[in-house]
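My entries follow in the order in which I looked.

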Amino acid sequence: MRPLPSPARNPYWRFLVAGFRGQSAYPLAMLAGLVANATFGLLKGGIMGAAVESAGGELAGYSAATMAAFVWLGQGMLGSVNLWGGSDLQTRIKSGDVAVDFLRPVSVQAAHVLTDIGKGLFALLPRGLPSVVIGILVSSMALPPSAGAFALGLLSLLIGIAVSHASMYAVATTGFWLVESRGISVFYMAFSGFFAGLFTPIYLFPDWLLTVALLTPFPSMMQLPIDVLSGQVTGTAAWQHVGVQLLWLAVVLGVGHLTTRAGRRRLEVQGG
Amino acid sequence: MNVIETEGLTRVFTGRPDPKNKLRRRRHVAVDRLDLTVEAGESVGYIGANGAGKSTTIKMLVGILVPTSGAVTTVGLHPLKQRRALARRIGVVFGQRSQLWWDLPVRESFSILSAIHSLSAADERSRTAELVDTLEMGGFLGTPVRQLSLGQRMRAEVAAALLHRPELLILDEPTIGLDVLSKQRLREFLVTQRREHGTTLLLTTHDMGDVERLCDRILVVDHGRLAFDGTLDGLGRTVGARRELVVDLATASPDLVDVAGAEHVRSESDGLRQRLAFDPQRTTAARVLAAVSERAEVVDLSITEPDIEDVVREIYRATRR
């Protein structure tokens with residue numbers, strides 16, 4: 001049998017690892033992020049916990065324990081999913097450095113998205129895990145009911161990270177036309193966090209707004225992975241969540257692919 | 001085989017609306033019906049004033065800018081349609097942009113690029129070792145790119161562009177901002193690289209030294225059109241690209257007007273400092289210096305290169321006449 005090629009020879013694997021390792025160069029930034037996450041986690045935990053309590057111990061299917069899990073898992077994911085709207089591609093289009101990306105014999109989209117996923121995965125270590133530990137220490141947050149649920153939760157988390165970065169990539173490709181796409185980012189940010197479940201679970205929305213949210217990729221970035229990871233949904237429902245996420249991943253990757261192809265012809269590499 | 005071929009290559013940029021007629025946008029013809037062929041193994045200097053169309057041409061050659069009209073093939077490929085195939089066969093260094101991973105050690109960037117270009121593990125080792133050795137990069141292989149000096153980074157950039165042994169190496173302002181020694185090293189390396197691997201070179205520069213030491217063919221571009229295409233000799237004949245020997249003498253001396261092969265330009269401080277212009281095609285700095293030494297005691301000297309801007313200006317003047 002022929003030995004499998006080493007992953008080190010695969011450029012896409014290397015992009016993922018480069019993102020992961022590049023991010024490890026900034027430990028202080030990570031620590032600052034964690035402090036911010038934890039602070040807001042305590043605030044959010046207090047507010048959401050009080051809301052559940054005043055609703056008589058259950059709110060939109062959340063108990064005190066699952067609501068605490070919602071808060072702390074969400075805080076832990078903040079360093080890994082991109083809800084704030086900026087990206088490397090955006091700055092590279094503006095500076096013209098994107099020229100270098102197109103001069104490599106690889107998919108520009110895959111290179112960028114994988115690098116960003118790599119960064120997101122690294123952030124789970126200094127920001128994700130500690131947030132969950134803090135959550136466990138300060139609250140009675142629910143944990144995955146079984147090893148299988150936990151494994152599926154991790155998969156869902158990974159897809160969530162991928163959906164967020166693939167979406168952000170597609171948003172950044174508007175820079176091929178606009179050069180400066182920060183306006184689009186701000187617009188994106190106005191919706192992403194709200195519909196992803198950053199502030200409250202989307203199940204607290206009125207029906208019509210919940211429907212709107214579910215017609216966007218945002219819940220797949222955060223709300224759905226939290227549902228699966230916390231055991232809020234289990235069994236078939238959990239698999240359905242993952243299926244929806246995969247569907248959105250395919251959609252945002254497809255959009256990014258098309259906009260890259262069309263945008264490349266519009267690109268006027270900036271500066272010398 | 002022609003490594004580069006363009007026919008009627010044109011790029012027009014449309015900018016902000018014309019202030020006089022708001023309905024019309026300003027048009028700027030950056031490259032204007034350029035016909036160009038570069039054969040394998042040539043070393044071509046592509047020079048011109050800022051905004052003459054050098055970078056725009058290069059961007060179209062490598063497929064990161066769509067031409068408005070005309071045709072371009074690079075190493076026999078269509079740069080836009082065959083982007084990835086082209087990227088495997090050319091190397092590009094933009095003096096102002098980095099292709100390295102900012103936060104990772106230099107070694108890691110080389111390794112990722114080797115994977116991108118599908119080099120085998122053994123090939124990666126030998127090629128990296130060769131480049132590290134000839135470009136003297138051993139001292140900073142483990143340093144993150146963001147901590148490198150400009151000279152170190154440029155060497156790493158050139159190495160990164162050459163890892164996959166491209167047939168064509170395009171350098172856009174490769175020596176910009178480098179000190180004399182770093183420039184010298186880089187030029188020597190490029191000369192060796194070309195000799196050993198037959199790499200075709202195309203470089204844009206504002207440095208006459210680059211052109212003199214690296215290029216056997218020179219293209220001068222003006223307003224997107226070729227104003228000159230020929231050898232350095234020819235360029236010298238056309239514009240008289242002379243060097244100046246500046247000598248500081250031990251005692252005030254009369255003007256050195258009778259030095260063979262050199263022309264006295266002017267004297268300063270009662271003849272303590274004198275400037276002599278000479279044509280490097282006809283004589284050498286050493287011969288001029290020897291002739292000067294016979295007449296007066298030289299305590300210090302320097303040589304000034306003709307400014308590329310002057311050469312370009314001369315060409316422009318000659319062609320617009």
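Entry 1, a pair across the chains. I note at the start that this is a predicted model. I began with A:Arg14, which forms a salt bridge with B:Glu108. The closest N and O atoms of that pair are 3.4 Å apart, and I checked this against the cut-off of 4 Å for a salt bridge. Side chains of opposite charge can pair when their charged atoms come close.

I looked up how many salt bridges the rule finds across the interface of chain A and chain B, and the count is four. Over all chains, the structure holds 29 salt bridges.

Which elements give two or more residues to the side of chain A that touches chain B? I listed helix 1 (11-23), helix 4 (88-95) and helix 5 (98-102) of chain A. Helix 1 of chain A gives the most, with seven residues. By residue class, I read this side of chain A as 16 nonpolar, eight polar and ten charged.

I have 34 residues of chain A in contact with 38 residues of chain B. The area buried between the two chains is about 3000 Å², and carbon and sulfur atoms give 54% of it. I also looked up which residues of chain A lose the most area to chain B. They are A:Arg9, A:Leu103 and A:Pro105, together 24% of what that side buries.

I turned to an open sheet of four strands in chain B, with the order 11-12-10-13 and antiparallel pairing. Why is one side of strand 11 (262-268) and of strand 13 (298-304) left without a neighbour in the sheet? Both strands stand at the edges and each has a single partner strand, so one side of each has no neighbour there. The twist averages 20° from one strand to the next.

Entry 6, one strand pair. I followed strand 11 of chain B to strand 12 (residues 273-278) of chain B; the two run antiparallel and six bridges join them. I noted that B:Arg266 stands opposite B:Arg275 in strand 12 of chain B.

Terms used: Residues are numbered from 1 along each chain as its sequence is written. Chains are lettered from A and ligands numbered from 1 in the order in which they are written. This is a predicted model: local features need pLDDT of at least 70, side-chain atom pairs count only at pLDDT 80 or more; totals for chains, interfaces and linings use all residues. Side-chain values use heavy atoms; hydrogens and water are left out. Contact means heavy atoms within 4.5 Å. Buried area is the accessible area (1.4 Å probe) that two parts lose on being put together, summed over both. A salt bridge is a side-chain nitrogen of Lys or Arg within 4 Å of a carboxyl oxygen of Asp or Glu. Ala, Val, Leu, Ile, Met, Phe, Trp, Tyr, Cys and Pro count as nonpolar, Asp, Glu, Lys and Arg as charged, and the others, Gly among them, as polar. Two strands pair if DSSP finds at least two bridges between them. Axes are lines fitted to C-alpha atoms, for helices over the stretch in contact, and angles run from 0 to 180 degrees between N-to-C directions.
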